[in-house]
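Colleague: I am new to this structure and would like to go through it in questions and answers. Please show it to me before we start.

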Amino acid sequence: MLVKRKSGQAGRSRLQSAVAGLASATLDRRSFLKRSGLAVGGLAAAGTLGAGTVRKAAAGPMMEGVEVDIRKNICTHCSVGCTVTAEVQNGVWTGQEPSWNSPINRGTHCAKGASVRELVHGDRRLKYPMKRQNGEWVRISWDDAFSEIGQKLVELRENSGADSVYWLGSAKFSNEGSYLCRKLAAFWGTNSVDHQARICHSTTVAGVANTWGYGAMTNSYNDIRNSKTVIFMGSNAAEAHPVSLQHILSGKEQQQANVFVFDPRFTRTAAHATEYVRMRSGTDIAVIWGIMHHIFANGWEDQDFIDARVFGMDEVRAECEKWTPERVENVTGIPGEQLRRVAETFATQKPATFIWCMGGTQHTVGTANVRAYCNLLLATGNVGKAGTGANIFRGHCNVQGATDLGLDISNLPLYYGLTEGGWRHWSRVWEVDYDYFVSRFDEVPAKAGREARTREQNMQTPGIPSTRWFDATLLDAEEVDQRDNLKAMIVLGHGGNTVPRQPEVKAGLEALELLVVVDPHPTSFASLHARPDGTYLLPAATQFECNGSRTCSNRSIQWYEKIVDPIFESATDYWIMYRLAQELGFAEEMFKNIEMVEGKFGPEPSAESLLREINRGGWSTGYCGQSPERLKAHMANQDKFDLVTLRAPADAPDVGGDFYGLPWPCWGTPEVRHPGTHILYNSEVHVMDGGGNFRPRFGLERDGVTLLAEGTSSVGAELDDGYPEFTMAVLRELGWDGDLTAEELSQIERQGGDDVDAVSWSTDLSGGIQRVVMEHGCVPFGNGKARAVAWNLPDPVPQHREPIYTPRPDLVAEFPTRDDAREFRVPNIGHTVQQAAIDKGIPESFPIVLTSGRLVEYEGGGEETRSNRWLAELQQDMFVEINPADAAERGITDGGWVWVTGPENDSRARVKALVTERVGKGAAFMPFHFAGWYQGESQRGNYPEGTDPIVLGEMVNQITTYGYDPVTGMHEGKATLCQIEAA
Amino acid sequence: MARMKFLCDADRCIECNACVTACKNEHEVPWGINRRRVVTINDGLPGERSVSMACMHCTDAPCASVCPVDCFYTTADAVVLHSKDLCIGCGYCFYACPFGAPQYPKVGNFGSRGKMDKCTYCAGGPEADMTMAEYEKYGANRLAEGKLPLCAEMCSTKALLAGDGEIIAEIYRERVTTRGYGSGAWGWQTAYQETINV
């Protein structure tokens, strides 16, 4: 028998003299209890701790005797914003410890977060710049890469115009990187600059902003702990946002909350719901109107809330009347009695919150879906209070920030429009002449009966969505409403396999003259095609290898520090964009107010000074108060913030009274010390405590009805009724202009020129207007009503429309998709495609509804996560979920190979069958993270040696089909048709 | 002395696999060896539940009873560990274990097994605490540093609890009382010959 080890004392510290101080600190009782998984407080007295359990505490990794640096960064996967605590020795990330103090993740992670250390070991990473020459990948130097790319870009600009180059940015950028990328596109002279929000929540941003003002989650993950009723619709948070479930399940337990999951699949989230509601993909509007039918029929709506704070609910009520339980069941498949139960619970067991994700947004009716969800919240008065709200779970770690910073085809940073006013605002902030930008844009000739555009008009015209770039490459030049076709893609941190119609994407890639992939991994942009020349791969560092800030889904902004230097020859986004700007000749102007620091390969812009520039221009969205110093103080004092309210006590040093991460809007200059806004539109608290109300941004009245709030304003406001946004004119009318300091006034007068009255809360660079308005308790953007009816959008009252490829052709006559139109410089011919599908009998030959979604182990296009051995081991095969009845009819066995075929492009994919009741009969599901196989063939050989992900698989998006939301160009990723047969 | 145990609250576990990758990360566990895994029952059906499984560090561990070379030992904290120097890879413990915890690297052409590997409760092995020698054979020794197993510390929903049996039982009991339901302390009867009554 082996001698038992003594266990009373640690044998000796793994780390010797260098860390003697650390090693001598004993664990206190509180931290031990926290480690036992104990919720804060409550149980402290319950257990006794054996004396032998308390041992010497020391940091843990594996180089004996080497000093340990602790660095805090943020997980680079989903939008929850989990803090990652890294132990670094000799510049190597050797250990990962729980981040107990973060109020967001409280030490925890999901499979992805718990394995991020592997990303910067990175044996599958791109190691140095490469280009393809005569079909072979060859190594080149950074300098050669930049000069060759720069030369080609200048040549393309000459021959085809600035719009012939597409700048596809990333939701993985820091805020500062996102901002830089948008600024780079502005200096280059195109609005074709986009990122993953297009394919993620672009329809949410459009739908929500058009309803009540801002396009973001209204509350927070933590706040869901207050909810009594939760609806998930098209959100599988248990796999896509696992750490959010910590708050949701705790809340569910403590509030005895009702949790409903609406989904075509019985998801992992549904397994933890109190009730699962199976619906047909693409029928969300019918479902919501069906719920609201019961609400209105039974008088469960919140009429006081509607009267004071909502415009146009009667029109919605009229539409809901048409959606009788029988009609709803026919369209959606949900029994009337079940929806009645949901309706009563949601409307009466309050506060209630509504959560949605890609299941709602990725549709031809995405924006309309979102507005329907908002209407349900408005009708029941479930917005602007704790436990309520539109809790929109965003997908990537900084997709909210990148959206905010205008990495978008129709905005400038912080939602300033592409209008002259928007451009002039940023010209002022950047201290660059407005006319310089005009000169950078193309003149667009008249084509195919369309009018020509001047440079200035083109500068105000939205670019091409990332879902359509290949159409702009492949379509006849006459069909593309810009000077010439798209000729070059500069892809920075963006997967290629995440948009439908991949066979056409492949053709588009082959037609390009230049393709530059700036990424830690080659991505399917590099592997899907075999272009012999003109493809460059530039190794970008991950966010663990640089510093900056990122905005999580709940609008909290977290500052993170570099864990290790960029590995191999990879470089930071900041340096790469700086070098590109240098090569293109506008670096000096672009970085004139930015402090440069010494980076790995020479001077690069400092993240702090980029954030300060954002602060200087970020008034419209309240990105003005989050200075780098304040954000760093939050990271250093994470333990001060409350788990539920996210607020620090008033007496906490440096962060007293702040909400964690200063969630935007954080009004005024940093010196004003606005605490940030935990819950948007919350009129129950003072604006200086994060209060607010709906934003009047659609005029003051409509059809003789006021669009300002009636008889209500936020606590402490000196105006007790609705009021418009604040300009100098309004300030003067109220006599509040006297409160401006001389300095503020002189800035306002200087920038206002001969129209000082027009300077507003969102353009005043002094911040004086915001400061004064808040001293009077008012909200800078005004106090308006939310809109149940968005008259400026297609279908002002959302209308159910069948998916383009619908399994119910009998419903198309009544609910057709929208007519063909031209949007974002290209045609959107959904109607023609829908008709053709019915004429060809597609619903009979492709009888299974195909939807797609996430797996917990992978993220996005999946190249990064499929290259991580700890994750790759857990999901080694691409698969399709198919119902046992459908499988039996087709002779398909669980685990067997099948061909999934789609109705366009003769598309087919060879994958494994997962036979499960998770999907209903007539429905199938495939994850979208796979790439590297194409129509049954492995493309491993297309990757440069040593950079191929461990796991490859067929792309679901070679099967998915045509269909685009008219407002944002969002693709139809969730409802199409397919056929499945045994292979 | 504390009596260390694991408890997986199946009503909280969402099969996110954080425990699995946290374990891989902490101990650099090679591909194919799974000290911890998540098992889902009734997959895709109402009543679906997931449980995170690893060595439960049984009272009166059956692996130890069947081991022909007596390589197992129980620490004063009741953690069941083994010596890879003594292990002959016979696989008896695999047959005896009710939880499928023992793992074996394949070392030969005829499927011959290497030394057994399993969850150490982040407590290393017989070598001196926190040495490279210990790390290379058994992985990190968090317990000696005053830390708990990383799988439980990083569990996304705090479903997987590790710590003194009485403390984690109390946490679980309080949870079940608050929420009004609980699938029970999975595996406790088998591992510890006791259950948690609420």
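Modeller: A term to begin with: a crossing of two helices is left-handed if the near helix is turned anticlockwise from the far one by less than a right angle, and right-handed if clockwise. Note also that this is a predicted model.

Colleague: In which hand does α4(A) pass α24(A)?

Modeller: Helix α4 covers residues 175-188 of chain A, and the axes of α4(A) and α24(A) are 9 Å apart. Applying the rule above, the crossing of α4(A) past α24(A) is left-handed.

Colleague: Are α4(A) and α24(A) roughly parallel or roughly perpendicular to each other?

Modeller: The two helices pack at an angle of about 65°. Angles of 65 to 115 degrees count as roughly perpendicular. The pair α4(A) and α24(A) is therefore roughly perpendicular.

Colleague: How many residues of the contact of α4(A) with α24(A) are nonpolar?

Modeller: From α4(A) come Asn175(A), Glu176(A), Tyr179(A) and Leu180(A), and from α24(A) come Ala607(A), Leu610(A), Leu611(A) and Ile614(A). Divided by class, this contact has 1 charged residue, 1 polar residue and, as the number asked for, 6 nonpolar.

Colleague: What is the angle between α16(A) and α24(A), and what term describes it?

Modeller: Helix α16 spans residues 420-430 and helix α24 spans residues 607-617, both in chain A, with axes 10 Å apart. Their angle is about 135°. That value makes α16(A) oblique to α24(A).

Colleague: Which residues of α24(A) make the contact with α16(A), and in which hand do the helices cross?

Modeller: On the α16(A) side the contact uses His425(A), Trp426(A) and Val429(A). By class, the contact has 2 nonpolar, 2 polar and 2 charged residues. The crossing of α16(A) and α24(A) is right-handed. The α24(A) residues are Glu613(A), Arg616(A) and Gly617(A).

Colleague: Which residue in β3(A) is the bridge partner of Gln89(A)?

Modeller: Strand β2 (residues 83-89) of chain A pairs with β3(A) in the antiparallel sense, over 5 bridges. Across from Gln89(A), the bridge partner in β3(A) is Val92(A).

Colleague: What is the radius of gyration of chain A?

Modeller: Chain A has 33 helices and 34 strands. For its 983 residues the globule rule gives 30 Å, and the computed value is close to that, so chain A is as compact as a globular protein of that length. The radius of gyration is 27 Å.

Colleague: What is the radius of gyration of chain B?

Modeller: Chain B has 7 helices and 6 strands, and its C-alpha atoms fill a box of roughly 50 × 40 × 30 Å along the principal axes. The globule rule gives 16 Å for 198 residues, and the value for chain B is close to it, so this chain is as compact as a globular protein of that length. The radius of gyration of chain B is 17 Å.

Conventions: Residues are numbered from 1 along each chain as its sequence is written. Chains are lettered from A and ligands numbered from 1 in the order in which they are written. This is a predicted model: local features need pLDDT of at least 70, side-chain atom pairs count only at pLDDT 80 or more; totals for chains, interfaces and linings use all residues. Axes are lines fitted to C-alpha atoms, for helices over the stretch in contact, and angles run from 0 to 180 degrees between N-to-C directions. Helices (H or I, at least four residues) and strands (E, at least two) are DSSP runs, numbered from the N terminus. Angles under 35 degrees count as roughly parallel, over 145 as roughly antiparallel, 65 to 115 as roughly perpendicular and the rest as oblique. Two residues are in contact if their C-beta atoms, placed from the backbone, lie within 7 Å. Ala, Val, Leu, Ile, Met, Phe, Trp, Tyr, Cys and Pro count as nonpolar, Asp, Glu, Lys and Arg as charged, and the others, Gly among them, as polar. The radius of gyration is taken over C-alpha atoms; the globule rule is 2.2 Å times the number of residues to the power 0.38. Two strands pair if DSSP finds at least two bridges between them.
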